[in-house]
Amino acid sequence: LIIILTIMFVCSLPFVRRRGHFEIFYFTHLLYHAYFVLLLVHAPEFWKWLLIPGSIYVAELIYRTIHTTVGSGHSEIVEGNVLPSK
């Protein structure tokens with residue numbers, strides 16, 4: 001559990017995200033699935049604390065999936081402007 005949290009923390013620091021390695025940030029943060037599985041194995045009574053927030057997360061995930069597959073969740077880019085920046 002500590003190793004997973006350490007990996008997620010290090011990969012969320014600005015030097016990783018701002019140097020064009022956003023994929024590393026994103027994919028290491030998907031380790032939260034493994035974190036919660038290991039947490040349930042480590043502390044079997046944790047399911048009581050995960051039940052309400054986990055069900056809200058699953059409901060939002062189902063809603064988001066249905067909303068994007070029906071078609072009203074898709075975005076269409078009509079126009080874009082390139083702005084000078086670093």
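Biologist: Is isoleucine 4 buried or exposed?
Modeller: Isoleucine 4 counts as buried, because its relative accessibility is 11% and the cut-off for buried is under 20%. Bear in mind that this is a predicted model.

Biologist: Where does isoleucine 4 lie?
Modeller: In helix α1. That helix covers residues 2-10.

Biologist: What does isoleucine 4 touch, leaving out residues up to four places away in sequence?
Modeller: Four residues: Leu31, Ala34, Tyr35 and Leu38. Of these, Ala34, Tyr35 and Leu38 belong to α4's side of the contact with α1.

Biologist: How far apart are isoleucine 4 and phenylalanine 27?
Modeller: In sequence, 23 residues separate isoleucine 4 from phenylalanine 27. In space, their C-alpha atoms are 12 Å apart.

Biologist: Let's take the two helices. At what angle do the axes of α1 and α4 cross?
Modeller: At roughly 155°, with the axes coming within 10 Å.

Biologist: Is the crossing of α1 and α4 left-handed or right-handed?
Modeller: Left-handed.

Biologist: Which residues meet there, from α1 and from α4?
Modeller: Helix α1 brings Ile4, Leu5 and Met8. Helix α4 brings Tyr32, Ala34, Tyr35 and Leu38. By type, the contact has 7 nonpolar residues, no polar ones and no charged ones.

Biologist: How far is isoleucine 2 from tyrosine 35?
Modeller: The C-alpha atoms of isoleucine 2 and tyrosine 35 are 9.1 Å apart. Along the sequence, the pair is 33 residues apart.

Biologist: New topic: threonine 28. Which helix is it in?
Modeller: Threonine 28 lies in α3, which spans residues 22-29. Threonine 28 counts as buried, because its relative accessibility is 14%.

Biologist: And what does threonine 28 touch, not counting residues up to four places away?
Modeller: Ile7, Met8 and Cys11. Met8 also takes part in the contact of α1 with α4.

Biologist: Now the other end. Where is leucine 83 found?
Modeller: In the segment after α5, a helix that runs over residues 47-70.

Biologist: Is leucine 83 buried or exposed?
Modeller: Leucine 83 counts as exposed, because its relative accessibility is 65%. From leucine 83 to valine 16, C-alpha to C-alpha, is 24 Å. The two are 67 residues apart in sequence.

Biologist: What box do the C-alpha atoms fill?
Modeller: Roughly 50 × 35 × 15 Å, taken along the principal axes.

Biologist: How much of the chain is buried?
Modeller: Buried residues make up 10% of the 86. Isoleucine 4 and threonine 28 are among the buried residues.

Biologist: What share of contacts join residues at least 24 apart?
Modeller: 35%, counted among contacts between residues at least 6 apart in sequence.

Note on methods. Residues are numbered from 1 along each chain as its sequence is written. This is a predicted model: local features need pLDDT of at least 70, side-chain atom pairs count only at pLDDT 80 or more; totals for chains, interfaces and linings use all residues. Side-chain values use heavy atoms; hydrogens and water are left out. Axes are lines fitted to C-alpha atoms, for helices over the stretch in contact, and angles run from 0 to 180 degrees between N-to-C directions. Helices (H or I, at least four residues) and strands (E, at least two) are DSSP runs, numbered from the N terminus. A crossing is left-handed if the near helix is turned anticlockwise from the far one by less than a right angle, and right-handed if clockwise. Contact means heavy atoms within 4.5 Å. Ala, Val, Leu, Ile, Met, Phe, Trp, Tyr, Cys and Pro count as nonpolar, Asp, Glu, Lys and Arg as charged, and the others, Gly among them, as polar. Buried means under 20% relative accessible area, exposed over 50%, partly exposed in between (1.4 Å probe, protein chains only).
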